[in-house]
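This report describes a single protein chain, section by section. It covers the overall content, the sheets, the helices and some loop residues.

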Amino acid sequence: MTSPYSVAHNSRHSMKKVAEVLLGAFLRRYPLPTRVSLFGFLGQYAWLKDILEELRPELFPPRPDALEPATAEAVSPAPDGRVLGILERSHIRGRMGYYKAEIYLGQRGNGHMFSAIETTSKRPVIIKEFILSESEFTKAEALHRQSNFQRLGGIQLADGRLQDFRVIQPLEAIADTESQSLCFLVTPDRDRSPTLRQLLQTARVLSVEQVQEVLSQILQTLDFLHNQKFNFPSGALQSGLVHGNLSLDSVLWTEQSAQLFVYLTDLLVWEQCFEPSVQLGRSTQPTAEMVQQDLRAVGDIGFFLLQGLALKPLEAYQPNSSVIKPPLYSILDSLQTGKFASAETARRELLQLGDRAPNVLVPVAETTTAAPASSNWSPLLLLSLLGLLVGALVLLPRLRSTASRSDPVMRVSSTCCLSEVSAVPAGEFTYTAVQRGTWWTILQQQNLLKRGQSLTTALELAQPKLRLRYVPPTSDPTNPTSTTFNPDIFAPVLTQVRSGAVDFAVLPAIAQLPGDMLAQTIAYDGLTTVVSFSYANRKQGLPTALKGQLSLTQVQQLFNGELNDWQKIGGLALPVQRYASNNPEAIAIFEQQVLNSRVSASLVKQLPSLELLRQVIRDFEDKNIGSIGVMPLSEMWGQCSVYPLALNVSGQAAVQPLVLSNRQEITPATDLCDRKGAFAPDPDRFHMGSYLPNYPISYPIVVIYPRNNRRSAIGKKFVELMRTTEGQKLLRAAGLVPLSPELPRKELSDQSAAPSTQR
């Protein structure tokens, strides 16, 4: 007879096996860097440790030529209550937002890492908490270091350029003035990526080719740090910056659009504020000795990546070793013995060892194939089962942030030019968009990047065998003489795509698509509310009185007739006149996302965008009327006679979509005409993967094509063309917001005025 004990034991064993199968299936879905991070994160939960150890050989098979790594505990011991007190706080207040810590991730460097969110935008961030212990610092010293931390806790290029030089750049540094002993560094969610030490603890060693690429990227970043001029939060300028804290623990292994990169983090300039043995104010400006310190650290990292953690650098080198190739060893030895004068010299020597694709790494020991598209296991269902079986619901914030980082929609293709896109179908293809809508307007633009060049002519020149022909919708619901608009203006467009009358369509993404269609983002746009920006009466103008912003509720009240005098919301004693662009897509989006009702023809006058801008100015200067207009951002941002108001939702911080070249938002004090060409929409304020709050009335511009392999693939190929660097430049010159802030901006001053002057 089976005993109750054996029944219970068998039941627990079965549950454990089910959990092991599900957890293994879940982790195998991710590429190695993400898997390493998840594996380490889950390891802090005692009930999962045994299961994870059983899965380790399967998830991270050893390389046949790998040396045994040193055994090391991957999970830091639980910290004391003082460290974890951050989790009990309702929020941490910074200059740029409010933050809530959610999960303890472990210790790194001089601080403790927590996953967190920015409470208004719900963007995932990382908070690194530093403690100025009373046993190590007097109260006066602690206050002094807090002040120094705030002044130096962040860097940006002094010339205002936006360039990803593979360094985790803090969003802001916060000193807790109440405790007088706590500081918080807020960084993008990428800062939670696995370190090289974690990678080695889990995946053993790297191949020689992979080590060369990792070292090449580190040296390239160091060369940039050592030779550029930087601006600190205090406003201080510094020529060059050493890392000063380089090790396996301050280099992160990250994934971006199926490519792998290494990022440097935990720079000495702010980490040293919490070192009792370091005198405050020690310079981080490069000297020959400090540059050599960085280069020696690169040599150490290279040896560890080749040999694993079991051996110290140089300890196990043998001239005939098959693990370390002599040419690479010679470079590592030169790094450690000061034979290279600069990171640039060392990298140039390293690149001579072999031809590799720049900035591309291959995942280590990656043997898992991608899950088939027809799989019935959705990530949410799998997470739900894991939560029921092993209590892993805490994974949800982690998985959401991982998904946002690897979303391909957020990335510009690495392909430079339209002509470089291969396998473009030859022949004539048709596509459609709403008549007088955003894409129709884009097609009318001339002088994009070159005089006389439109988007159509640029495509024809780059792909001479391809002919794309715009076809208007078969029924246009937006009769210009009509006072009302069909709420479903997109139906005729989708009908043409579904029937095969056209091959694809370009629309704003504001509604759920039918299941037989696919959509991919190529750019962004938004609606903006504008008021007059008269320079003759600038200080008495509406932008200054309104402090440059409105809430969406106030916009709604203005356009539905509830507010007829600006003075009631803090503005001037001026009557209100309302205008809207006659772009039917803009009207539909405004009705759906702001008014929740139809636009009143008796209250709101609809005009072409250029005429709307002129009328707003005339009303203020000639009639003393405070007019407001709503229009697509793509149709106004190159002008300087109206002011686009920042918008907020439900009391959250207002978001201004236009920024200067240094990423600072424009304000009513900004001379837009004097700075014409130096401001543009900020892509980070438009897509959901960003750490910044989104502009409230923003939306993607998408290419829609049928989910049918028997139909032409031109829709998908058109997306590929528009996501090239050249394609993104053309779209930006036409007024749209590009997918990524990484798009070079050096030609911005020549193009930013184009959208408004061409219409």
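## Overall content

The protein chain has 24 helices and 24 strands, where helices (H or I, at least four residues) and strands (E, at least two) are DSSP runs, numbered from the N terminus. The model is predicted: local features need pLDDT of at least 70, side-chain atom pairs count only at pLDDT 80 or more, and totals for chains, interfaces and linings use all residues. Residues are numbered from 1 along each chain as its sequence is written, and side-chain values use heavy atoms, with hydrogens and water left out.

Of the 759 residues in the protein chain, 52% are buried. Buried means under 20% relative accessible area, exposed over 50%, and partly exposed in between (1.4 Å probe, protein chains only). Among contacts in the protein chain with a separation of 6 or more, 72% join residues 24 or more positions apart; a contact means heavy atoms within 4.5 Å.

## Six-stranded sheet

An open sheet is formed by six strands in the order β1-β2-β3-β4-β7-β6, with antiparallel pairing. Its edges are β1 (92–93) and β6 (172–176); each has a single partner strand, so one side of each lacks a neighbour in the sheet. Two strands pair if DSSP finds at least two bridges between them.

Strand β2 (residues 98–108) is joined to β1 by two bridges in the antiparallel sense. I92 has Y99 of β2 as its bridge partner. Helix α5 (residues 139–152) packs on this sheet and touches β4 (123–131), β6 and β7 (182–188). The direction of α5 makes about 165° with that of β6. Axes are lines fitted to C-alpha atoms, for helices over the stretch in contact, and angles run from 0 to 180 degrees between N-to-C directions.

## Three-stranded sheet

Another open sheet has three strands in the order β5-β8-β9, and its pairing is antiparallel. Here β5 (156–157) and β9 (237–239) are the edge strands, each with a single partner strand, so one side of each is left without a neighbour in the sheet. Strand β8 (residues 229–231) runs antiparallel to β9 and is joined to it by three bridges. Opposite N231 stands L237 in β9.

## Helices

In helix α11 (residues 343–351), the buried residues are A343, A346, R347 and L350. Viewed down the axis of α11, these residues fall within an arc of 95°, so they line one face of the helix. The arc is that of the directions from the helix axis to the C-beta atoms.

Helix α18 (residues 552–559) packs against helix α19 (residues 584–595) at an angle of about 120°, with the axes 10 Å apart. The two helices are therefore oblique to each other; angles under 35 degrees count as roughly parallel, over 145 as roughly antiparallel, 65 to 115 as roughly perpendicular and the rest as oblique. On the α18 side the contact involves L552, V555, Q556 and F559, which meet F590, V594 and L595 of α19. The residues of this contact comprise six nonpolar, one polar and no charged. Ala, Val, Leu, Ile, Met, Phe, Trp, Tyr, Cys and Pro count as nonpolar, Asp, Glu, Lys and Arg as charged, and the others, Gly among them, as polar.

## Positive phi in a loop

Most residues other than glycine have a negative phi. N447, which is not a glycine, has a positive phi of about 60°. N447 sits in the loop between α14 (438–444) and α15 (455–462), and is partly exposed, with a relative accessible area of 35%.

L449 lies in the loop between α14 and α15. Its phi is positive, near 70°, and L449 is partly exposed, with a relative accessible area of 35%.
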